[in-house]
Amino acid sequence: MDAALGPPAKMAEREDDLTPMMAQYFELCRAYDDALLLFQVGDFYEAFCEAAERVARVCEVTLTKREDSTGRYPMAGIPIDSAESYIDKLLDAGYRVAVADQVEDPDEAGSVVERRVTRVVTPGTLTEDELLASPDNNFVAALAVGDGPRYGLALLDVSTGECYATSAAEREAVADEAGRFAPAEAIVGPDAPAEVFDGDCTVSPYETAAFEREAAAERVQAYFGPPERVVGSDAERSACGALLAYAEYTRGGLAPEDARSGLVDPEDVPAPSSDDADADDTTTARLDYINHLTRYDPREYMLLDRVALDSLELFDRRAVHGREGLTLVEVLDETASSLGRRQLDDWLRRPLLDEDAIAARHDAVADLKSAPGLRDRLTDALAGVYDLERLVSRVARGRATARDLRSLHDTLTVVPDIERALGEADSATLSELRERLDPLADVRGLIDDAVREEPAAELTEGGIVKPAYDDQLETLRSTEREGKSWIDDLETRERERTGVDSLKVGHNTVHGYYIEVTDPNLDDVPEDYQRRQTLKNAERFVTPELKEREDAIIRAERHADDLEYELFCEVRRAVADESERIQALADRLARLDALTSFATVAATHDYTRPEVGAEHVDVVDGRHPVVERTEQRFVPNDAHFDADSFVAVITGPNMSGKSTYIRQVALLVVLAQAGSFVPAARARLPVVDRVFTRVGASDDIAGGRSTFMVEMTELADILDHATEDSLVLLDEVGRGTSTADGYAIAQAVTEYLHDEVGATTLFATHHHGLTALADELSGVFNLHFETSGTDDVTFDHEVAPGPADASYGVEVADMAGVPDDVVERSRHLLADTSAGEDGPVDGRETDDGGPVRADDGRGARTDDGRSGRRADAEGDREGTDPTHDVVAELAALDVATMTPLEALNALAELKSRLED
């Protein structure tokens with residue numbers, strides 16, 4: 001355990017001698033020993049002893065000392081008003097933070113103010129706007145193991161109430177689902193493999209009791225109904241139950257072991273601080289807004305694991321040389337609300353497999369694309385939609401402010417406008433959305449009647465409820481207004497009464513209302529004036545009548561403020577009772593916003609409706625949806641696959657567009673199955689069950705895996721799990737080992753995908769020898785990217801049939817600014833390699849046992865392992881007999897592995913050198 005967590009060691013040594021407040025701190029530290037405790041003392045959250053030292057260092061605040069009867073110990077505090085920014089720093093430093101608030105008025109407390117932990121802030125359970133950096137989902141996950149074994153995965157966004165559950169028999173399958181949702185935090189049950197979560201996910205400890213069958217079933221029953229109806233396996237039930245318990249725990253509930261041990265009374269429901277203006281004093285740890293569980297089978301959606309999501313850059317793109325580019329979701333995001341943005345994310349993470357469901361989305365997009373006026377009206381209306389999912393979670397947790405309720409009211413106000421606009425739509429999907437839109441007129445009316453149009457930010461200081469909403473409140477506010485009006489007229493009356501024109505009536509928070517008279521006029525002060533305060537050049541007085549009026553105003557104001565808060569809490573609870581209706585409305589508005597975004601992008605950027613359900617990929621003038629936005633000139637390309645041509649070996653120079661092309665095909669498939677139109681002149685696409693990617697180079701040093709091992713692990717996953725309905729992208733294979741080994745692996749992989757899997761495959765490679773497979777395997781065909789020019793090579797970025805003639809790596813080095821001497825030396829070495837003096841081998845042997853060369857255009861090492869550099873004793877290169885060189889090169893040519901075009905090119909080159 002971290003030294004900063006749990007009960008402070010110095011206090012543990014003298015637990016019996018602690019002051020009441022520090023004993024309280026000690027008990028809370030012990031109850032939440034997996035978190036760093038922030039303990040409210042007045043306007044600050046304080047930490048003591050070892051925890052104080054950590055808070056001071058991480059939050060960069062002053063470390064002070066506290067002294068009491070038991071001694072002196074370190075203390076550090078952060079102001080409550082800006083606590084979230086400091087909590088964010090503690091989270092970044094790896095801490096979970098337990099926040100203990102004062103839950104009774106200090107003026108009414110006994111020897112010590114009662115405090116309770118009202119929330120435990122963890123990476124995956126954030127609900128505060130200041131800590132949620134974006135409208136994107138922030139999931140916490142739970143993983144459990146059931147009979148079989150079967151792995152159950154549950155995911156929850158505490159800020160919105162979205163809850164998912166699934167299960168799988170294979171560890172790899174549940175890891176793929178975890179990668180799809182990318183949770184920020186996870187808890188794991190007994191024997192559950194924590195390694196299914198990647199390094200960006202914090203795996204937090206939690207009590208194993210929460211995963212037990214009976215406890216988990218009770219929680220699932222309490223939230224969603226009979227477990228046998230809402231979850232598919234024991235593992236799912238355990239994961240869901242534990243996750244709900246953890247969510248309650250982070251909202252101020254109890255860990256199962258704490259409740260059982262008697263450390264804290266399980267009937268003692270934590271409540272937020274009475275000083276917390278955002279909290280309803282009736283709040284419990286139960287999260288009533290979590291009322292729907294989405295149980296799904298991973299096989300219902302196209303699988304995009306974390307490797308594919310990263311390789312295709314759907315949501316994240318690594319900065320390259322300090323520059324960050326666009327992601328797919330960014331170029332598609334024309335949503336008008338946070339609801340729509342999260343829906344767009346979800347559709348891209350889980351593309352559909354059902355052709356009818358895909359067609360329904362396409363119908364809606366086509367409808368909206370063809371009606372720009374309708375699309376504009378919807379966009380304008382949706383721009384007035386607030387984040388209802390997060391708003392309703394605050395309402396249900398008693399944390400919503402009056403301004404939150406007005407935001408809900410304003411959203412409900414635009415729903416009738418959306419209904420009317422959708423009356424013009426023809427598609428079944430849009431018509432159904434219109435019919436199911438619930439404007440919640442009763443909720444909107446309640447808020448309109450009760451809450452002021454521009455309410456105060458604080459809930460306990462008045463100015464939030466309309467006086468006309470409640471007769472008693474109106475009477476109190478009327479008394480307050482009449483009293484203040486009487487005081488407003490007092491100055492004029494008293495000047496007339498006393499004849500003192502400089503007399504003033506004022507007010508301050510210390511002395512209340514007063515009448516101020518300057519020293520020269522004190523002789524004119526009436527006898528009923530009672531001195532209240534002496535100033536340097538004046539005296540302040542009060543009269544019995546003024547005092548009486550002041551007391552009446554204060555009583556009315558305080559009672560009115562208290563009544564307003566009570567009335568507001570009643571309204572908030574009434575709105576919370578309609579959480580399910582609000583969430584249903586949020587879901588429909590989210591889907592409409594995402595569909596409108598798809599249509600806007602399609603209309604603006606010339607996307608076309610794809611035909612989904614074809615046998616093979618058939619694309620005319622396809623474009624990369626991201627690259628075309630960042631390049632001034634983008635060259636469209638076709639992609640044609642069929643039963644006789646389903647494995648494309650793609651060769652061509654560096655920077656010619658191979659990697660862009662293979663990703664482009666995958667992105668068109670993802671977009672189509674997500675429900676979007678695609679950037680192409682025409683697209684006929686199959687339904688793809690999974691996109692596999694082996695793209696780029698990365699290592700996992702912390703996990704003990706080299707770049708090559710990571711590459712081979714990804715390759716193994718592809719070969720083990722790809723089907724004939726999958727789409728496989730390979731961008732080089734075998735780069736992390738010798739050229740001979742790499743070539744051998746690449747060829748074997750190509751053969752396996754062709755013979756055993758049958759998946760649609762795009763293999764971008766510099767292993768030019770692989771192009772020969774097109775003559776050997778019926779389903780393999782060659783594509784290449786063309787170049788133009790001889791001395792100054794230009795990359796045309798156009799794909800064409802057949803293999804490329806070279807990789808042009810030296811030309812790229814020249815373009816990149818590599819020194820001329822190095823470039824020229826590279827050309828000379830490349831010529832030597834082409835002549836057979838220094839070239840890679842493909843791992844096979846000739847009849848005499850020697851290695852067979854497999855020139856991949858890059859050059860490597862000699863047969864005996866020497867590098868391309870030779871000792872001076874090998875002679876002056878410039879003095880070599882050119883005829884001898886040509887003869888040596890001709891003898892080294894491996895005609896058996898060359899295509900006819902390559903053989904002709906080689907002979908033409910040799911003939912040209914002899915003629916020169």
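Angles under 35 degrees count as roughly parallel, those over 145 as roughly antiparallel, those from 65 to 115 as roughly perpendicular and the rest as oblique. The legends below describe a predicted model, in which local features need pLDDT of at least 70 and side-chain atom pairs count only at pLDDT 80 or more, while totals for chains, interfaces and linings use all residues. Residues are numbered from 1 along each chain as its sequence is written, and side-chain values use heavy atoms, with hydrogens and water left out.

**View 1. Helices α15 and α21 run roughly antiparallel to each other.** Helices (H or I, at least four residues) and strands (E, at least two) are DSSP runs that are numbered from the N terminus. Axes are lines fitted to C-alpha atoms, for helices over the stretch in contact, and angles between N-to-C directions run from 0 to 180 degrees. The axes of α15 (residues 388–396) and α21 (residues 579–604) come within 9 Å and cross at roughly 170 degrees, and the two helices are therefore roughly antiparallel. Contact, which means heavy atoms within 4.5 Å, is made by Leu388, Glu389, Val392 and Ala396 of α15 together with Ser579, Ile582, Gln583, Leu585, Ala586 and Leu589 of α21. By class, the residues of this contact of α15 with α21 are seven nonpolar, two polar and one charged, where Ala, Val, Leu, Ile, Met, Phe, Trp, Tyr, Cys and Pro count as nonpolar, Asp, Glu, Lys and Arg as charged, and the others, Gly among them, as polar.

**View 2. Helix α14 passes helix α16 in a left-handed crossing.** A crossing is left-handed if the near helix is turned anticlockwise from the far one by less than a right angle, and right-handed if clockwise. The axes of α14 (residues 372–382) and α16 (residues 402–422) come within 10 Å and cross at roughly 165 degrees, so α14 and α16 are roughly antiparallel to each other. Leu374, Arg377, Leu378, Ala381 and Leu382 in α14 meet Val414, Ile418, Ala421 and Leu422 in α16. The contact of α14 with α16 divides by class into eight nonpolar residues, no polar ones and one charged residue.

**View 3. An open sheet of six strands has mixed pairing.** Strands of a sheet pair through backbone hydrogen bonds, either parallel or antiparallel; two strands are taken to pair if DSSP finds at least two bridges between them. The order of the strands is β11-β10-β7-β8-β9-β12. At the edges stand β11 (202–203) and β12 (294–295), each with a single partner strand, so one side of each is left without a neighbour in the sheet. Helix α5 (residues 171–181) packs on the sheet and touches β7, β8 and β9 (162–168), its direction making about 10 degrees with that of β8. Helix α8 (residues 234–250) also packs on the sheet, where it touches β7, β8, β9, β10 (185–188) and β12, and its direction makes about 30 degrees with that of β8.

**View 4. Strands β7 and β8 run antiparallel.** Seven bridges join β7 (residues 140–146) to β8 (residues 150–157), and the bridge partner of alanine 141 in β8 is leucine 155. Proline 149 is found in the loop between β7 and β8, and the peptide bond from glycine 148 to proline 149 is cis, with omega near 0 degrees.

**View 5. Glutamate 714 lies in helix α24 (residues 707–721).** With a relative accessible area of 15%, glutamate 714 is buried; buried means under 20% relative accessible area, exposed over 50% and partly exposed in between, with a 1.4 Å probe and protein chains only. When residues up to four places away in sequence are not counted, glutamate 714 touches Val307, Thr693, Arg694 and Val695. The C-alpha atoms of glutamate 714 and valine 695, which are 19 residues apart along the chain, are separated by 9.3 Å.

**View 6. Glutamate 60 and glutamate 313 are found in loops.** Glutamate 60, in the loop between α3 (49–59) and β3 (64–68), has a positive phi of about 60 degrees although it is not a glycine, and at 66% relative accessibility glutamate 60 counts as exposed. Glutamate 313, in the loop between α10 (306–311) and α11 (328–332), has a positive phi of about 55 degrees although it is not a glycine, and with a relative accessible area of 26% glutamate 313 is partly exposed.
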